[in-house]
Amino acid sequence: MLSIRNVRKTFEAGTAGAHTVLDGVSLHLEPAEFVTIIGSNGAGKSTLFAVIAGSVFPDEGSIILDGRDISREKEHQRARGIGRLFQDPRHGTAPGLTIEENLALVYSRASGRFPLSLALRSADRSLFRQVLSRLDMGLEDRLKTPVGSLSGGQRQALTLLIATLVPPKLLLLDEHTAALDPVTAKKVLNLTRDITAAHGITTLMITHNISSALEMGTRTIMMNKGRLVMDLRGGERAGLSVEDLLARYKTTVHENLDSDKILLDVEKA
Ligand SMILES: Nc1ncnc2c1ncn2[C@@H]1O[C@H](COP(=O)(O)OP(=O)(O)OP(=O)(O)O)[C@@H](O)[C@H]1O
Ligand SMILES: [Mg+2]
């Protein structure tokens, strides 16, 4: 489904500030596979997503999605097949538009209907109510509410819905629950699991929460200094505790997984 082949990226190459952020990353994902990614701050996780999505071009290597080499495609060309969520719930929806207008935009883009004519039909509205009710946040009764006035959790749940309404080939989640309170984060994670499973969406999820990394999906990879240093699945991953994982990391890279966020999450877990 997704093959990343020997991707390298050095920022500010040729200057004194040159730093290699992706140092020969290769990764293969099967269709419908859900893989979690953990790693220290600055390990290159978000840059890997940027390279897959096309907002950063690699110096070397290629990205193959669904059998097609997309390495040279621009970000907007790839966006049709790749959904992406960020930590900040303000990404991915238009704040000045209502919930129904945001949903209508997705459908109009997918169907080629003229955008923002937004001649919303009652058939659309009943469909929107139906999909929104899946979020279990009461948003189905707030179709006319501007998205900018929703809470962070409501807005992130809506963003997830919007990103998957027309199921993408690949979903990239970059700490998409990190800015939410623990109860809402859990809810959005459960939605993430349900939606990706229902549509068989191949998913990569970056998280600093080690227990989420082990609970979600079927495979966990770790990054350190621009490299994939560990790839756990099957029996090797099953039954692994947060402490086991941190210990494995330490034995492999000879340093602690150094992130303030990770330590906080271990306390919460
Ligand atoms: N556009 C850019 N120009 C220069 N350096 C960059 C750029 N984007 C990222 N970097 C650098 O690349 C390194 C990796 O950043 P990246 O955001 O990929 O890390 P990360 O693993 O996502 O970390 P975190 O867990 O803190 O989000 C950092 O040193 C960062 O400063
Ligand atoms: Mg990051």
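Buried, in this talk, means under 20% relative accessible area, exposed means over 50%, and partly exposed lies in between, with a 1.4 Å probe and protein chains only. Helices (H or I, at least four residues) and strands (E, at least two) are DSSP runs, numbered from the N terminus.

Good morning, colleagues. The structure before you is a predicted model, in which local features need pLDDT of at least 70, side-chain atom pairs count only at pLDDT 80 or more, and totals for chains, interfaces and linings use all residues. Residues are numbered from 1 along each chain as its sequence is written, chains are lettered from A and ligands numbered from 1 in the order in which they are written, and side-chain values use heavy atoms, with hydrogens and water left out.

I begin with strand S9, residues 219-224. Here 6 of its 6 residues are buried, and the strand is mostly covered. Arg-219, Ile-221 and Met-223 point one way, while Thr-220, Met-222 and Asn-224 point the other way. In a regular strand the side chains alternate between the two faces of the sheet.

Which strands pair with S9? Two strands pair if DSSP finds at least two bridges between them. S3 runs parallel to S9, joined by 5 bridges, and Thr-36 stands opposite Thr-220. With strand S10, residues 227-233, S9 pairs in the antiparallel sense over 6 bridges; there, Thr-220 stands opposite Leu-232. The hairpin of S9 and S10 has 2 residues between the strands, and Lys-225 takes a positive phi near 45° in it.

Next, Glu-33, which lies in the loop between S2 and strand S3 (34-39). Is Glu-33 buried or exposed? Glu-33 counts as buried because its relative accessibility is 11%. Its side chain makes a polar contact with the side chain of Arg-219 at 3.2 Å. A polar contact is a pair of N or O atoms within 3.5 Å; within protein, one must be able to donate a hydrogen and the other to accept it, and residues adjacent in sequence count only if both atoms are side-chain atoms. The Glu-33 side chain also reaches the backbone nitrogen of Glu-30 at 2.8 Å.

I turn to strand S7, residues 170-174. Why is S7 described as largely enclosed by the rest of the structure? The reason is that 5 of its 5 residues are buried. Leu-170, Leu-172 and Asp-174 point one way from S7, and Leu-171 and Leu-173 the other way. S7 pairs in the parallel sense with strand S6, residues 82-85, over 4 bridges, where Leu-173 is the bridge partner of Leu-85. Strand S8, residues 202-206, also runs parallel to S7, joined by 5 bridges, and Leu-204 in S8 is the bridge partner of Leu-172.

Finally, ligand 1. Of the 14 residues around it, Gly-42, Gly-44, Lys-45, Ser-46 and Thr-47 come nearest; a residue is near a molecule or strand if one of its heavy atoms lies within 4 Å of it. Strand S2 (19-29) and helix H1 (45-53) each supply at least two residues of this shell, and H1 gives the most, with 3 residues.

Which side chains place a polar atom by an oxygen atom of ligand 1? For Lys-45, an N or O atom of the side chain is 2.7 Å from a ligand oxygen. For Thr-47 the distance is 2.6 Å, and for His-208 it is 3.0 Å. Taken alone, ligand 1 exposes 630 Å², of which the protein buries 61%; such areas come from the Shrake-Rupley method with a 1.4 Å probe, and for residues only the protein chains shown count as cover.
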